[in-house]
Amino acid sequence: MTDPIADYLTRLRNAIKANHRIVEMPASNMKKEITKVLKEQGFIKNYKFEDDGVQGTIKIALKYNPQTKLSAIENLTRVSKPGLRKYAGAEALPRVLNGLGIAIMSTSKGVITNKKAKELHIGGEVLCYVY
């Protein structure tokens, strides 16, 4: 697999379109950090890391509105790709949906949102947009 983060986002997107409650995927450290950010920001209900000795898996419980049955995640967009990396400096951090969404970034302080990167005044690689 050339782009595990794109695979992660695609599995989430497909599970949301199929109205699944839980999605399971292979684990990696980057995927675990992205999952933690999604939970902190309230886009997913819960997650569980299972270690089987080799790679492990991530189980994610997706969050839906009880009345309208719509997902908390409306859109997931991959920004930085293996063929073309996208970086943003501390002064040029992206704004997603005029501040309503988040950009998940990989920085020297770990995987954080664009809002947290603005507070810390650091830049990094823009991994994806979520809203």
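Which residues line the largest pocket? The model is predicted, so local features need pLDDT of at least 70 and side-chain atom pairs count only at pLDDT 80 or more, while totals for chains, interfaces and linings use all residues. Residues are numbered from 1 along each chain as its sequence is written, and side-chain values use heavy atoms, with hydrogens and water left out.

**View 1. Lining of the largest pocket.** The lining consists of Ala90, Glu91, Leu93, Pro94, Arg95, Val96, Gly99, Asn114, Lys115, Lys118 and His121. A pocket here is an open set of points on a 1 Å grid over the protein atoms alone, where a 1.4 Å probe fits, with protein on both sides within 12 Å along at least five of seven lines, and lining residues have an atom within 4 Å of a point. The space in this pocket is about 190 Å³, taken as that filled by probe spheres set on the points, which are joined across faces, edges and corners. By class, four lining residues are nonpolar, three polar and four charged, where Ala, Val, Leu, Ile, Met, Phe, Trp, Tyr, Cys and Pro count as nonpolar, Asp, Glu, Lys and Arg as charged, and the others, Gly among them, as polar.

**View 2. Lys32 and the ring of Phe49.** The charged end of Lys32 sits over this ring, 5.4 Å from its centre (NZ of Lys or CZ of Arg within 6 Å of the ring centre and within 35 degrees of the ring normal). Phe49 itself is partly exposed, at 30% relative accessibility (buried is under 20%, exposed over 50%, partly exposed in between, with a 1.4 Å probe and protein chains only).
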